[in-house]
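Subject: Structure handover

Hello,

The structure is below for you to look through. My notes on what was found follow it.

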Amino acid sequence: MQTAPSSPPDARDGAADGVPLRVRTAWISDIHLGTPGCQAQPLLAFLRDLECETLYLVGDIVDGWQLKRSWYWPQAHNDVVQKILRKARKGTRVVFVPGNHDGFARRYVELSFGGVEVVEDCLHETADGRVLWVTHGDLFDGIVQHARWLAHVGDAAYTLALELNRWFNRARAHFGLPYWSLSGYLKHKVKRAVSYIDDFETVLAHEARRRGAHGVVCGHIHHAEIRTIDGVLYCNDGDWVESLTALVEHADGRLEIVRGGRRAPAAALPAPAEARAEAEPVA
């Protein structure tokens with residue numbers, strides 16, 4: 001994908017400038033290996049400089065839907081897989097929570113491949129004692145669960161939007177203009193899309209409360225965010241198609257969204273945020 005020059009990364013740009021990012025935990029999702037939209041090279045740079053005790057792969061790592069339609073697997077995508085496996089061999093705990101696009105992996109739950117643990121979902125305890133429920137989120141998406149055909153239509157439309165973006169931003173880059181995201185614009189401007197995101201976030205937060213957790217970490221909707229919903233911490237780690245974001249936990253338990261690449265589309269990526277919630281049991 002054509003990328004446009006961007007402003008120098010700030011302190012929250014993670015490993016974008018080659019400076020090691022040392023954290024306790026990292027969550028990434030929605031990489032979509034097997035699609036032209038996957039930003040494999042920025043992800044490789046991020047993983048190269050990331051040092052963490054635990055790495056959570058929160059679903060849609062491999063895009064099985066796209067691979068069924070048309071095979072696409074360049075060397076960079078294989079390099080991402082090898083980089084993750086190498087981290088597991090070197091002592092990082094790697095936990096894979098499958099999503100809807102790589103749902104085929106759910107048949108291998110409770111198994112381990114190359115040191116990568118496969119789980120349906122799981123609980124993570126932060127350094128300051130909060131319990132976070134980790135799930136991709138698709139199982140709580142009514143469209144995915146009850147109108148699968150519509151989910152596939154939406155996926156095709158998103159793929160088309162990315163292709164249009166690619167050509168449009170090549171022209172913008174030629175004139176020295178920054179990246180602009182069509183899908184990000186629609187997410188923030190189309191009323192029904194905004195409502196869908198709000199409903200999704202609320203459902204996940206309420207389910208985390210039902211499970212007795214202080215919060216939830218998910219992916220699925222490609223919208224990085226940290227916020228509190230009815231007293232429950234909601235964290236979405238974003239994606240590696242447009243926003244190039246990850247969620248990290250620092251040594252003291254502080255949570256933060258970091259940008260993993262120099263290209264950070266303002267229309268799709270909220271301002272870097274961090275949030276803390278009181279480490280008391282959720283009622």
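**Aromatic pairs**

Trp133 counts as buried, at 1% relative accessibility (buried is under 20% relative accessible area, exposed over 50%, partly exposed in between, with a 1.4 Å probe and protein chains only). This is a predicted model, in which local features need pLDDT of at least 70 and side-chain atom pairs count only at pLDDT 80 or more, while totals for chains, interfaces and linings use all residues. Residues are numbered from 1 along each chain as its sequence is written, and side-chain values use heavy atoms, with hydrogens and water left out.

The structure holds 5 aromatic pairs (rings of Phe, Tyr and Trp, the last by its six-membered ring, with centres within 6.5 Å; planes under 30 degrees apart are stacked, over 60 edge-to-face, the rest tilted). In one of them, the ring centres of Trp27 and Tyr56 are 5.6 Å apart and the planes lie at 10 degrees, so this pair is stacked. Trp27 is in strand 2 (residues 25-28) and Tyr56 in strand 4 (residues 54-57), so the pair ties together parts 29 residues apart in sequence (strands are DSSP runs of E, at least two residues, and helices of H or I, at least four, numbered from the N terminus). Trp27 is buried at 0% relative accessible area, and Tyr56 is buried at 1%.

The rings of Trp133 and Phe140 have centres 5.4 Å apart and planes at 90 degrees, so that pair is edge-to-face. Phe140 is partly exposed, at 25% relative accessibility.

Regards
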